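Biologist: Can you take me through this one? I would like to go element by element.

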Amino acid sequence: METVIELDYIAHSFGSESVIKAIDMTVDKGEIFGLLGPSGAGKTTLVKIIVGILKPSEGSASVLGTPMPSLEKMKNIGFMAQSDALYSELSGRENLDFFASIYGLSKSERKEKIQEVLEVVDLTSEIDKPVEKFSGGMKRRLSLAASILHQPEVLILDEPTVGIDPVLRQSIWKELKILKEKGTTIILTTHVMDEADKCDRLALIREGYIIAQGTPQSLKQGIGANTIEEAFLHYGSAVQ
């Protein structure tokens with residue numbers, strides 16, 4: 001398998017607070033890789049390092065064979081942050097048109113791609129409203145649409161389905177599987193156990209450490225657990 005993301009003993013601190021500690025992992029092409037852990041475990045810091053928003057205090061990160069941060073490689077990455085980075089005074093469509101122009105899509109490409117992603121996130125009927133009138137769930141859907149507009153090789157999603165209803169969540173996961181089949185490499189953070197089970201592989205993160213890695217099935221089978229939640233609690237107690 002082709003390695004697309006490689007983290008080599010990453011550590012990161014904010015002042016005296018150590019947030020990420022000796023994280024070593026790889027993600028292969030066309031894989032849905034989940035980072036599972038509670039709030040404050042270090043998941044968001046880790047994805048910001050992968051995207052290139054943060055430079056790690058120690059270790060190195062590379063994406064598509066290029067050391068990060070790299071401005072050039074960022075055009076190959078789609079990123080959906082935990083906080084919605086949207087222009088509230090613009091409509092949803094205007095937001096998408098703006099992001100599409102940043103990604104270098106032509107005017108005709110923009111129209112086609114915007115329509116495609118709106119159908120994925122089920123926002124077609126609401127798209128001409130100002131974003132300030134959107135609900136929290138609608139903003140999450142718009143942020144996801146913006147992250148996949150340019151068909152990135154690598155898609156990084158920080159808790160993408162928070163505030164989204166179960167039916168739409170199922171639809172989004174269906175689309176993620178389609179993107180994976182097309183060769184997109186996806187990393188997502190979550191603290192939702194049933195979402196973790198849908199990933200090809202998982203890293204269980206606690207207090208800045210990876211406490212276990214593997215397929216959901218292997219993590220459960222290794223300790224005779226029936227659920228990912230049981231597995232997480234087991235591996236977590238083992239490192240106390």
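Predicted model: local features only at pLDDT ≥ 70, side-chain atom pairs only at ≥ 80, totals over all residues.

Biologist: Start with α4. How many residues does it have, and how far does it reach?

Modeller: Helix α4 covers residues 136-148, which is 13 residues. From its first C-alpha to its last it reaches 19 Å, close to the 18 Å expected at 1.5 Å a residue.

Biologist: Is α4 largely enclosed or left open by the rest of the structure?

Modeller: Largely enclosed, because eleven of its 13 residues are buried. Buried here means under 20% relative accessible area. Among the buried residues of α4 are R140 and R141, along with L142, L144 and I148.

Biologist: What covers them?

Modeller: The cover over the buried residues of α4 includes the strands β6 (77-80) and β7 (154-158). It also includes the helices α2 (92-102), α3 (107-121) and α5 (166-181).

Biologist: How does α4 run relative to β6?

Modeller: α4 lies across β6 and β7, and its direction is at about 170 degrees to that of β6.

Biologist: And α2 against α4, what are the distance and angle?

Modeller: Their axes come within 9 Å and cross at roughly 25 degrees. Angles under 35 degrees count as roughly parallel, so α2 is roughly parallel to α4. The crossing of α2 and α4 is right-handed.

Biologist: Which residues meet there?

Modeller: From α2, G92, N95, L96 and F99. They meet L142, A145 and A146 of α4.

Biologist: OK, sheets. What is the strand order in the one with β6?

Modeller: That sheet is open, has six strands and runs β6-β7-β8-β3-β9-β10, with mixed pairing. β6 and β10 (209-214) stand at the edges with a single partner strand each, so one side of each has no neighbour in the sheet. Neighbouring strands in this sheet are turned by 15 degrees against each other on average, direction ignored.

Biologist: Are β3 and β9 parallel or antiparallel?

Modeller: Parallel: β3 (residues 32-36) and β9 (residues 201-206) pair over four bridges. L36 has L204 in β9 as its bridge partner.

Biologist: And the four-stranded sheet?

Modeller: It is also an open sheet, in the order β2-β1-β4-β5, with antiparallel pairing. Its edge strands are β2 (17-28) and β5 (66-67); each has a single partner strand, so one side of each is left without a neighbour in the sheet.

Biologist: How many bridges join β1 and β2?

Modeller: Eight, in the antiparallel sense, with β1 covering residues 3-14. L7 has M25 in β2 as its bridge partner, and H12 has I20. The hairpin of β1 and β2 has two residues between the strands, and G15 takes a positive phi near 65 degrees.

Biologist: Last one, K113. Buried or exposed?

Modeller: K113 has a relative accessible area of 15%, and the cut-off for buried is under 20%, so K113 counts as buried. The residue sits in helix α3.

Biologist: What is K113 in contact with, ignoring sequence neighbours?

Modeller: Leaving aside neighbours within four places in sequence, K113 contacts L105, L149 and Q151.

Definitions and conventions: Residues numbered from 1 in each chain as written. Heavy atoms only, no water. Expected span 1.5 Å × (residues − 1). Buried < 20%, exposed > 50% of the residue type's maximum accessible area, 1.4 Å probe, protein only. Contact = heavy atoms within 4.5 Å. Pairing = 2+ DSSP bridges. Axes fitted to C-alpha atoms, helices over the stretch in contact; angles between N-to-C directions. Parallel < 35°, antiparallel > 145°, perpendicular 65-115°, else oblique. Left-handed = near helix turned anticlockwise from the far one by under 90°.
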